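Reader: I'd like to learn how to read this one feature by feature. Can you walk me through it?

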Amino acid sequence: MWKTTGTLLWDPWRELMNAGSGFDELLNGLVGKRCEFPPTNVWMDEHKIEFAFELPGMKAENLEVTAKHDTLTIKGKREEEAVPDGAMFLRHERGTGYFSRSFALPFKVDSERVEARYLNGILKVTLPKASDVMPKKINVING
Amino acid sequence: MSEQIEKKNTEKNEIPVVRPNVDIMENESIVYLVAEMPGVSEKNVDIDLQGNNLTIRGSTVCEGGTEPARSEFYPEKAYERQFTLGNSIDLANITANMKDGVLRLTLPKVKELAPRKIEVKCC
C-alpha cells in the first residue's frame with residue numbers, strides 16, 4: 001500500500017484516480033499496518049495541494065521542507081528524549097533518528113508561495129498550483 | 001508505525017480511539033512518562049487519576065472537516081491510554097506539560113524518610 005521513499009515516488013493524483021481507493025477502505029487499511037514515517041494526509045482541490053504530517057515533539061528548525069519541480073521532500077531528525085539522571089527505560093515506543101520522505105506532486109506548484117506551519121506536533125504544508133497551470137478564463141470578443 | 005485502534009461509540013459520531021506511543025523512564029526519585037499525541041493542543045488533553053489508575057486522554061480536531069484525498073492517520077481522533085501506578089508514586093505531586101503534541105508527566109516517588117542520626121546530649 002505504501003511506497004518506498006526515494007526510488008518510487010508516491011503519486012497522489014494517480015491514486016486518487018484509481019477506483020476503489022475510498023476513504024473507508026484506507027481507514028480500514030490503517031489498522032495494524034506499518035506505514036512510512038511520518039504518517040501523512042493529503043487534501044487537494046483545484047487551487048492547491050495540502051499535506052499534513054504527524055511529527056510530535058519536533059523543533060521547527062529541525063524540519064526541512066523542499067518543493068522542487070514536481071516533488072515535495074520532507075526531512076528531519078527526531079531527537080531522543082533527555083533521560084533523567086540514572087534513569088532506565090521501562091518502555092521505549094517512540095521513534096528517533098533521521099527520516100526523509102518524498103511525494104510526487106500532481107501539478108506544478110508555485111514554490112514561492114509554499115507555506116509550512118508546525119503546530120501541536122502537526123506539520124502542514126500548503127502548495128498552491130503554479131499560475132501557468134491554473135485554468136484561465138478567456139474572454140470571447142464579439143465581432 | 002501502526003495505530004492501534006478501537007472504535008468507541010460516542011453519542012455523536014464514532015471517533016477512532018488510538019493508543020499513544022510512550023516512553024517511560026524511571027530512576028530512584030521519579031518516573032517520567034512521555035506520550036506522543038500529535039494534533040492535541042494543551043487544552044484538549046485530559047489527565048485523570050483514580051486511585052492508582054492514571055488515564056491520559058487527548059483529542060484532535062479536524063479543521064475544515066473535509067476528507068483527505070489520501071489518509072495515513074485519522075484527521076479527527078481520540079488518544080487514550082491507562083497506566084497503573086505503583087505505591088511508591090507521590091500522587092499529589094504529579095506534574096504535566098504538553099508541547100508540540102507531546103505530553104510529559106513527571107511522577108515523583110514518595111520521599112522515604114532519610115536516616116536520621118539522633119544526638120545524645122549529656123548534661
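Reader: Where in chain A does pLDDT stay under 50, and how many contacts beyond four places in sequence does the model have there?

Author: This is a predicted model, where local features need pLDDT of at least 70, side-chain atom pairs count only at pLDDT 80 or more, and totals for chains, interfaces and linings use all residues. Residues are numbered from 1 along each chain as its sequence is written, while chains are lettered from A and ligands numbered from 1 in the order in which they are written. pLDDT is the predictor's confidence in each residue, from 0 to 100. Where it is low, the predicted coordinates should not be read in detail. Here it stays under 50 over residues 1–8 of chain A, with eleven contacts beyond four places in sequence (a contact means C-beta atoms, placed from the backbone, within 7 Å).

Reader: How do I read strand pairing, say for strand 3 of chain B and strand 5 of chain A?

Author: Two strands pair if DSSP finds at least two bridges between them. Strand 5 (residues 88–92) of chain A runs antiparallel to strand 3 of chain B over four bridges, and Arg91(A) has Ile24(B) as its bridge partner. Strand 3 of chain B also pairs with strand 4 (residues 30–36) of chain B, antiparallel over five bridges. There, Val22(B) is partnered with Ala35(B), and a hairpin of three residues joins the two strands.

Reader: Why is strand 3 of chain B largely enclosed?

Author: Call a residue buried if 20 or more other C-beta atoms lie within 10 Å of its own, exposed if 12 or fewer, partly exposed in between; C-beta atoms are placed from the backbone. Four of the five residues of strand 3 (residues 22–26) of chain B are buried, so the rest of the structure largely encloses it.

Reader: And which residues touch the most other members of the largest nonpolar core?

Author: A nonpolar core is a set of buried Ala, Val, Leu, Ile, Met, Phe, Trp, Tyr and Cys residues joined through C-beta atoms within 7 Å. The largest has 21 residues, and those touching the most other members include Val42(A), Phe51(A), Phe53(A) and Leu72(A). A second, separate core of 20 residues includes Val22(B) and Tyr79(B).

Key
Contact = placed C-beta atoms within 7 Å.
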